[in-house]
Amino acid sequence: MKKTLILGAAMLLCCSAVSAKEKGEIKKTGYNIGPLPAIAYDADKGLQLGAILQLFNYGDGSNYPNYDSKAYLEYSFFTKGSHMIQARYDDKTLIPGVRWSSSARIVLDKAYDFYGFNGFQTYYDHEAIAAGKDKNSRDFIFSPFYKYKRNEARIKTDFLGEITPNLRWEAGLFFDYYNIANIDYDNINKGKDEAKQFPKDLPTLFEIYKNTGVISEEEQNGGFASGLRAGLVYDTRDKEGAPSRGIWAEGHVTAALPGISKIQYYRYSLTWRHYLPIVKDDVLTFAYRLNYEGNFGNKAPFYALPYITNMGEKCDFEGMGGYNTVRGIMRDRIVGLDMATYTLELRWRFVKFQLWNQNIAFAANIFSDGTMVTKGVDISKLTKPAGFKYGIVGQEKDTPHITFGAGLRFIMNENFIVAAEYGTPLTHFLKNSPLYNQDGTGAFYVNIGYLF
């Protein structure tokens, strides 16, 4: 899904950039607020409108550029009925010696992406998608084939405490609930010409996975995926919002809560992030992230799989595919029991200055992201339904999904960061390959912060 957020308020600051002079960095104290409008469009969900509010508390400034506490609020709605509400809070001073982070999110999504399991083992019919979008074609809009209806409620709280100055323990509790159903054909077809409407007698890929038993009856309607998490983190970053040197490594295990989670499962996550200064004073930094999300055994609800584990204020990063995981690939294109992911970035701050008593910088970056399923969900039951003209079975096993791209960032006080990036999958350039456009054609994003 191409997601374009226009966060215009922050960008207004660049109008005065030419006249601002660079000085020594201002040490921020007290509260800083950052309100932003949010606008997006998706053909199946409609126009998104909303607002974002970030509030940073720098206290007496002794910890700057890191903050003492942070609050984040967002509300968005879509013209075809989807809604998102989320709130996050991160506090380093409320509990002596312990960092406390919590978040809550509700997403009502009438057209959630579903491209099957195991990456390239499930075929993505990009030709049918393109034909449906062609205004001169009489083919119906095919994109609802890769959608289902999902309502999600997530709440979590995490705690981080010091073992040594750089080594810390982490522990957390989360409650996730998913209500899942097939698409609402009437809602999906709303406002479309009759010839372009998705046929009501055509099953979606989600229905095919249910009917063949690849998605079990126990999990096909959703349920709780709640649990306990515990782990260790090693952190030598020079600062949190936009680091330029140091290591940030984490390892976690997750255990679903018996009696609450509908399906008992156990997972683990390993993440290594490294920041290497090439030119000092934040001018040029090479950063990379290596992540492995694994499952103990072969049992886990499918709705608990497409995430990179995240301890702290934010909910788990949704993917694989999308802004927080693999930029340029369709959201949730790659789903498996075990997944390995990388991110490489070269970050260049080409200007910094003070304006309106704020520390301002603009940065550019080039990147490459990639992922691959290393242990797949059993899809041996998946066969092409009788009379079904569209392919759904791909190659025998998954291979790397790789993207390239570039972006720009507006940075205020090292923590308020607005990003605009475009990523393109490698498969978009392999016109003579059976993998051509299997990961989509690319995506543009405007969002908040750095990925890591």
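Leaving out neighbours within four places in sequence, Y31 is in contact (heavy atoms within 4.5 Å) with L55, F56 and N57. The model is predicted, with local features needing pLDDT of at least 70 and side-chain atom pairs counting only at pLDDT 80 or more, while totals for chains, interfaces and linings use all residues. Residues are numbered from 1 along each chain as its sequence is written, and side-chain values use heavy atoms, with hydrogens and water left out.

Y31 belongs to strand β1, residues 31-42 (strands are DSSP runs of E, at least two residues, numbered from the N terminus). Y31 counts as exposed because its relative accessibility is 60% (exposed means over 50% relative accessible area, with a 1.4 Å probe and protein chains only).

A cavity here is a set of points, on a 1 Å grid over the protein atoms alone, where a 1.4 Å probe fits but cannot get out; lining residues have an atom within 4 Å of a point. Points are joined across faces, edges and corners, and a volume is the space filled by probe spheres set on them.

The second largest cavity holds about 160 Å³. Its lining comprises 16 residues, with R229, Y265, R267, A304 and D316 nearest the centre. Strands β7 (167-181) and β11 (266-279) are the elements giving two or more residues to this lining, and β7 gives the most, with three. By class, the lining has eight nonpolar, two polar and six charged residues (nonpolar: Ala, Val, Leu, Ile, Met, Phe, Trp, Tyr, Cys and Pro; charged: Asp, Glu, Lys and Arg; polar: the others, Gly among them).

Note on methods
Helices (H or I, at least four residues) and strands (E, at least two) are DSSP runs, numbered from the N terminus. Buried means under 20% relative accessible area, exposed over 50%, partly exposed in between (1.4 Å probe, protein chains only). On a 1 Å grid over the protein atoms alone, a cavity is a set of points where a 1.4 Å probe fits but cannot get out, and a pocket is an open set with protein on both sides within 12 Å along at least five of seven lines; lining residues have an atom within 4 Å of a point.
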